[in-house]
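Here are my notes on the model, as numbered points. Please read them with the structure open.

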Protein chains: 2
Amino acid sequence: MDKVKIFAPATVANVSCGYDAMGFALQGLGDEMFFSKTNSKTVTISKIEGAKLPFEANKNVAGVVALNMLKDSDADFGVDIQIFKNFKPGSGLGSSAASAAGTAFAVNQLLNNKYSNLELTKFAMQGEVTACGSAIADNVAAAIYGGFILVRNYDPLDIIQIPSPSELTATIIHPQIEIKTEDARKVIKSEIPIKTAIAQWANVGGLISGLHTNDFDLISRSLVDHVAEPQRKHLIPHFDTIKNAALKSGALGASISGSGPSIFALSKSTEIANNVAEAMDMVYKNSGIDYNIYVSKISKLGTKII
Amino acid sequence: MDKVKIFAPATVANVSCGYDAMGFALQGLGDEMFFSKTNSKTVTISKIEGAKLPFEANKNVAGVVALNMLKDSDADFGVDIQIFKNFKPGSGLGSSAASAAGTAFAVNQLLNNKYSNLELTKFAMQGEVTACGSAIADNVAAAIYGGFILVRNYDPLDIIQIPSPSELTATIIHPQIEIKTEDARKVIKSEIPIKTAIAQWANVGGLISGLHTNDFDLISRSLVDHVAEPQRKHLIPHFDTIKNAALKSGALGASISGSGPSIFALSKSTEIANNVAEAMDMVYKNSGIDYNIYVSKISKLGTKII
């Protein structure tokens, strides 16, 4: 294979109670990327549309991932990358993770599938270091594996795929304000009460069990975040109003996507997810803040060839 | 039904990473209890074998549960209780929970199954208040529902049954030293680092997923307790040696049962569980401490009529 065009999904990390441990991939929102072999033995980025990102390979998330993979595999070719971003960096929807995961997946295609999904996740995590300073796995793992994932452990890295009901549909609102990942992390206290921690891991257990058994009521009861949401929600205008509107419209639960500012809701049908989208729209349409709303099934495939 | 004889299982609470949120019931170890209707409209305890426990109904765990149920249901009869304990109070194996759950289950039989399992758990929790001062649910819920349970929430109470592989077998060593539940709780710090909490709920998620999918490797990797075990293990002589011996013999994991002093291990076959029992025996046999060792499958039924 000398060239490959791929779709790299947007992803929702944390998933309410699953702070820093869970994520899922969206089917209907993501970047397109085009990769072709070159004779240069290096990495070039010849086109970037939809966002202002560096063209220098060693400063670009996709470039860094590709450079590391070519070096690790001692490849006898180079790669040219074209990036077509369909959602904005800084959204809390894993923009850098899509670039990193998309590159890891695509370069692996050019290398005849030399690497496992776990290895691709590790390469993509190096891209996350370039983007936000730390090697976080939740977004990139969701983008590579698809569906719901659990980052059970970092050292050694252990990614668990969690099945989910096929009807499960996400509604996302992206208010176009800036929250830097680093700033959002700073508001999280370094210690939490043991009682809060117990309540949180009981909900993680409930969410994982509900996903395994297609138990929408259990999923709904478990989508409660006692840790990050209470500390971060003030960073997002109208968070409580959006969340209440989503729940009132029938959503199973709603919370902050990653470190925000996007807010996600999960619903048990596309019809309800569309109602949730309308309710979110009603809250924001006179707010004076630009925003986008997306409705999408969960992506079972993650990054894929198109 | 005018009389009923039941088996009330011993239970393991916490289950390593699932501190204060998970529990499971043993098939091969538990108390026998005999209940018969009387005309007195009150509760009497006419026999207690195997442990020194109060005969006054309002001071006895079983008596308290029975009294509350008769009152709540406005029953036109009384109950006499005979208790045959097969494992000792203070073991960390849910001795009071077995009495409480067994009574809740049996009196419900005499009441023609008036109450749901959730309601029975609430009645049994009142017995736990009598025994240890707090209305904890993990042992009693495991004893009533059977199998593995998750206490997802306390208010309102939400008990989730988690399936488990039929081959899963527990090995328990009960060193006959005294650790009071209240004392064991005091050593747990009231705050924990957020990083520790994340690692813990990632393991809870992994354990729940592994139980759902019969993935023994995942169960094994997830049976890691970053919270209670490190703070409590010094209370149990030879804990590290016992745990290492269990793992070396093929156990999937091992940790403290409830607040101790019993230590449990889980294995993927009875053969391995027996090897683990031998290894535990080797560690304790010259210790000068009295101990019992049990090997048991997980009870799928919990409390049952015999």
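Which residues of chain A does the UniProt annotation "domain: GHMP kinase C-terminal" cover?

1. According to the unreviewed UniProt entry, that annotation covers residues 208-283 of chain A. UniProt positions are given in the numbering used here, feature names are shortened, and annotations may be inferred rather than shown by experiment. Over residues 208-283 the chain is 55% helix and 12% strand, with the end C-alpha atoms 31 Å apart. Helices (H or I, at least four residues) and strands (E, at least two) are DSSP runs, numbered from the N terminus.

2. This is a predicted model, in which local features need pLDDT of at least 70 and side-chain atom pairs count only at pLDDT 80 or more, while totals for chains, interfaces and linings use all residues. Residues are numbered from 1 along each chain as its sequence is written, chains are lettered from A and ligands numbered from 1 in the order in which they are written, and side-chain values use heavy atoms, with hydrogens and water left out.

3. Helix α9 of chain A spans residues 239-248, and its buried residues are Phe239(A), Ile242(A), Lys243(A), Ala245(A) and Ala246(A). Buried means under 20% relative accessible area, exposed over 50%, partly exposed in between (1.4 Å probe, protein chains only). An α-helix has 3.6 residues a turn, so residues three or four places apart point the same way.

4. What do the buried residues of α9(A) pack against? Their partners in chain A are β7, α8, β9, β10 and α10, where contact means heavy atoms within 4.5 Å. Just after α9(A), Gly250(A) has a positive phi of about 110°.

5. Over all chains there are eight aromatic pairs. Rings of Phe, Tyr and Trp (its six-membered ring) pair if their centres lie within 6.5 Å; planes under 30 degrees apart count as stacked, over 60 as edge-to-face and the rest as tilted. Phe24(B) and Phe148(B) form a tilted pair, because their planes are at 35°, with centres 4.9 Å apart. This pair joins strands β2 and β5 of chain B, 124 residues apart.

6. Phe24(B) counts as buried because its relative accessibility is 0%. The rings of Phe24(B) and Phe264(B) have centres 5.8 Å apart and planes at 75°, so that pair is edge-to-face. In chain A, ring pairs link Phe24(A), Phe148(A) and Phe264(A) into a cluster.
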